[in-house]
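Here is a short report for a reader new to this structure. Look at the model first, then read on.

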Amino acid sequence: MKKVSYKELGLVNTKKMFAKAVKGGYAIPAFNFNTMEQMQAIVQAAVETKSPVIMQVSKGARKYANPTILRYMAQGAVEYAKELGCKNPQIVLHLDHGDSFETCKSCIDMGFSSVMIDGSSLPFKENIKLTKKVVAYAHKYDVTVEAELGVLAGVEDEVSAAESHYTKPEEVIEFATKTGCDSLAISIGTSHGAYKFKPEQCTRDPKTGLLIPPPLAFDVLKAIEKKLPGFPIVLHGSSSVPQEYVKIINENGGKLPDAVGIPESQLRKAAKSAVCKINIDSDSRLAMTAAVRQYFAKNPGHFDPRQYLGPAREEMKKLYEHKIVKVLGSNNKL
Ligand SMILES: [Zn+2]
């Protein structure tokens with residue numbers, strides 16, 4: 001396949017936007033996508049709120065969409081943003097949880113402006129070695145690299161771990177210096193998926209019966225910030241699992257008992273720190289599923305995908321705008 005630089009597609013890397021976000025005390029949204037409707041909703045929300053945005057795909061999503069189609073979707077996203085009136089769109093195409101040098105290289109060669117190499121399951125020295133190799137290749141093409149230290153619990157596509165291990169603040173300087181990575185994903189208690197915590201890890205709100213998750217480890221975050229002042233920090237697994245969506249899904253034939261996420265108040269607090277990229281995937285899946293289930297419950301005779309994917313796209317856009325304005329604070333930053 002012919003190589004293409006992200007610059008030809010009109011995309012940008014994360015360098016400038018992260019520096020601005022750390023200084024400005026807000027975080028850039030990193031929304032995962034798999035379908036055209038998700039992509040449209042992300043672009044519409046970013047344009048309307050005047051926010052920079054990271055569109056990210058996992059290895060599984062890349063396989064689902066097809067790498068060639070993705071390259072044109074990314075280019076399409078930039079052109080679409082311009083058509084919607086945004087003169088200077090700041091859109092990143094990012095690989096989420098790259099599992100090998102080869103996957104990262106293939107993405108860099110196919111128009112990605114940013115990649116993550118996730119060596120967090122490897123021993124410390126091996127993680128450094130792998131990350132360093134990816135950084136050396138990526139930086140030749142001005143592509144930025146996110147690395148990870150510490151382990152998040154939960155399940156997300158092919159990434160899964162039974163329990164979390166917080167990032168060790170005493171390791172971050174050596175890791176960042178030796179690898180040359182541009183940003184660092186850390187583990188401070190966020191988690192992948194829509195079941196972030198087991199009910200026994202939570203307390204229950206006596207009034208509503210809803211689960212309240214344990215708080216994030218802000219002391220660990222602070223210690224990391226002290227070691228690496230101004231260095232861009234990333235939070236994965238940061239969906240809030242809105243209970244109104246869970247309710248709609250469960251009332252319309254779904255079955256998501258005790259789904260629980262990270263409260264938005266905690267994420268707001270994190271966004272004001274050196275955390276400058278917050279990953280949100282499950283919430284968009286829930287918004288889409290809730291809208292589709294509700295649509296079918298009301299219109300059992302309909303079968304035109306535009307009829308049910310249209311409202312799903314509208315709901316996702318609402319969710320993305322809410323995250324940008326009310327949680328991350330990245331609006332009006334273009
Ligand atoms: Zn993740």
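Predicted model: local features only at pLDDT ≥ 70, side-chain atom pairs only at ≥ 80, totals over all residues.

Residues are numbered from 1 along each chain as its sequence is written.

Start with the barrel. Eight strands close into it in the order S1-S2-S3-S4-S5-S8-S12-S13, and the pairing is parallel. The twist averages 25° from one strand to the next (axes are lines fitted to C-alpha atoms, for helices over the stretch in contact; angles run from 0 to 180 degrees between N-to-C directions). Helices (H or I, at least four residues) and strands (E, at least two) are DSSP runs, numbered from the N terminus. Two strands pair if DSSP finds at least two bridges between them.

| Pair | Bridges | Opposite residues |
|---|---|---|
| S4 (residues 114-117) and S5 | four | Methionine 116, glutamate 146 |
| S5 and S8 (residues 183-186) | four | Glutamate 146, serine 183 |
| S8 and S12 (residues 233-235) | three | Isoleucine 186, leucine 235 |

Now take S5. Six of the six residues of this strand (residues 144-149) are buried, so S5 is largely enclosed by the rest of the structure. Buried means 20 or more other C-beta atoms within 10 Å of the residue's own, with C-beta atoms placed from the backbone. In a regular strand the side chains alternate between the two faces of the sheet. Thr144, Glu146 and Glu148 point one way from S5, while Val145, Ala147 and Leu149 point the other way.

Terms used: Buried ≥ 20, exposed ≤ 12 C-beta atoms within 10 Å, placed from the backbone.
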